[in-house]
Amino acid sequence: MAAEGLSATGLWRLCVAEHRAGRLPLADIPDLAAAAAAGLLLQPWLCRACVDSAAAALFYAWRLRPGAAAAAAAGRPDCHWGVNCRTQRHNPGHAERYNHVCPQTRFA
């Protein structure tokens, strides 16, 4: 995000525009795929929890787009908990050793 000069608001606007243009699909995120297909995902009347889920899904999809891998993450092994890893939030060493922008593979 910082490498591309985007603020959180700027990234949100970019992701919404990309999603609406069909370039940022959410079909691989089961919790939101049905809402996205029904056109409900980006409505202005969503509750805070739904907006948070939509933002997280859009940001994750944006990060997974082809060519988006950060140089710092290149070559790191994937954490088997992936994006759902709780350890990365309190253990900087773990966060630096493993790539967390990947799907969960353990107990998935």
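The questions and answers below concern a predicted model of a protein chain.

Q: How many helices and how many strands are there in the protein chain?
A: From the N terminus on, the elements of this predicted chain run α-α-α-α-α. The totals for the protein chain are five helices and zero strands.

Q: What percentage of the residues of the protein chain count as buried?
A: The protein chain exposes about 7200 Å², of which carbon and sulfur atoms supply 58%. A residue counts as buried when its relative accessible area is under 20%. Of the 108 residues of the protein chain, the share that counts as buried is 24%.

Q: At what angle do helix 1 and helix 3 pack?
A: The axes of helix 1 and helix 3 are 10 Å apart. Helix 1 is roughly perpendicular to helix 3, because that term covers angles of 65 to 115 degrees. The angle at which helix 1 and helix 3 pack is about 80 degrees.

Q: How do the residues of the contact of helix 1 with helix 3 divide into nonpolar, polar and charged?
A: On the side of helix 1, the contact is made by A8, L11, W12, L14, C15, V16 and H19. These residues meet A54, A55, L58, F59 and W62 in helix 3. The residues of this contact divide into eleven nonpolar, one polar and no charged.

Q: Is H19 buried or exposed?
A: H19 is found in helix 1, and the C-alpha atoms of H19 and L58, 39 residues apart along the chain, are separated by 7.9 Å. The relative accessible area of H19 is 17%. Since the limit for burial is under 20%, H19 counts as buried.

Q: Which kind of aromatic pair do W12 and F59 form?
A: A search of the whole structure finds two aromatic pairs. In the pair of W12 and F59, the ring centres are 6.5 Å apart and the planes lie at 80 degrees to each other. Because planes over 60 degrees apart fall in that class, the pair of W12 and F59 is edge-to-face.

Q: How many residues apart in sequence are the parts that the pair of W12 and F59 ties together?
A: W12 lies in helix 1 (residues 8-20), whereas F59 lies in helix 3 (residues 48-64), so the pair ties together two separate helices. W12 is partly exposed, with a relative accessible area of 27%, and F59 is likewise partly exposed, with a relative accessible area of 27%. The parts tied together by the pair are apart in sequence by 47 residues.

Q: Which kind of aromatic pair do W81 and F107 form?
A: W81 lies in the loop between helix 3 and helix 4 (87-90) and F107 in the segment after helix 5, so the pair ties together parts that are 26 residues apart in sequence. The centres of the two rings are 5.8 Å apart, with 35 degrees between the planes.

Q: What is the relative accessible area of F107?
A: The C-alpha atoms of F107 and W81 are separated by 8.6 Å. At 30% relative accessibility, W81 counts as partly exposed. F107, in contrast, is exposed, with a relative accessible area of 67%.

Q: Which residues does H94 touch, not counting residues up to four places away in sequence?
A: H94 lies in helix 5 (residues 92-97). With a relative accessible area of 13%, H94 is buried. Beyond four places in sequence, the residues that H94 touches are C79, C85, T87, Q88 and H100.

Q: Which residues does D78 touch, not counting residues up to four places away in sequence?
A: D78 lies in the loop between helix 3 and helix 4 and is partly exposed, with a relative accessible area of 49%. The C-alpha atoms of D78 and R97, 19 residues apart along the chain, are separated by 9.0 Å. Leaving out residues up to four places away in sequence, D78 touches Y98, N99 and C102.

Terms used
Residues numbered from 1 in each chain as written. Predicted model: local features only at pLDDT ≥ 70, side-chain atom pairs only at ≥ 80, totals over all residues. Heavy atoms only, no water. Helix = DSSP H or I, 4+ residues; strand = E, 2+ residues; numbered from the N terminus. Buried < 20%, exposed > 50% of the residue type's maximum accessible area, 1.4 Å probe, protein only. Areas by Shrake-Rupley, 256 points an atom, 1.4 Å probe, with all protein chains shown as cover. Contact = heavy atoms within 4.5 Å. Phe/Tyr/Trp six-rings, centres within 6.5 Å; stacked < 30°, edge-to-face > 60°. Axes fitted to C-alpha atoms, helices over the stretch in contact; angles between N-to-C directions. Parallel < 35°, antiparallel > 145°, perpendicular 65-115°, else oblique. Nonpolar A, V, L, I, M, F, W, Y, C, P; charged D, E, K, R; others polar.
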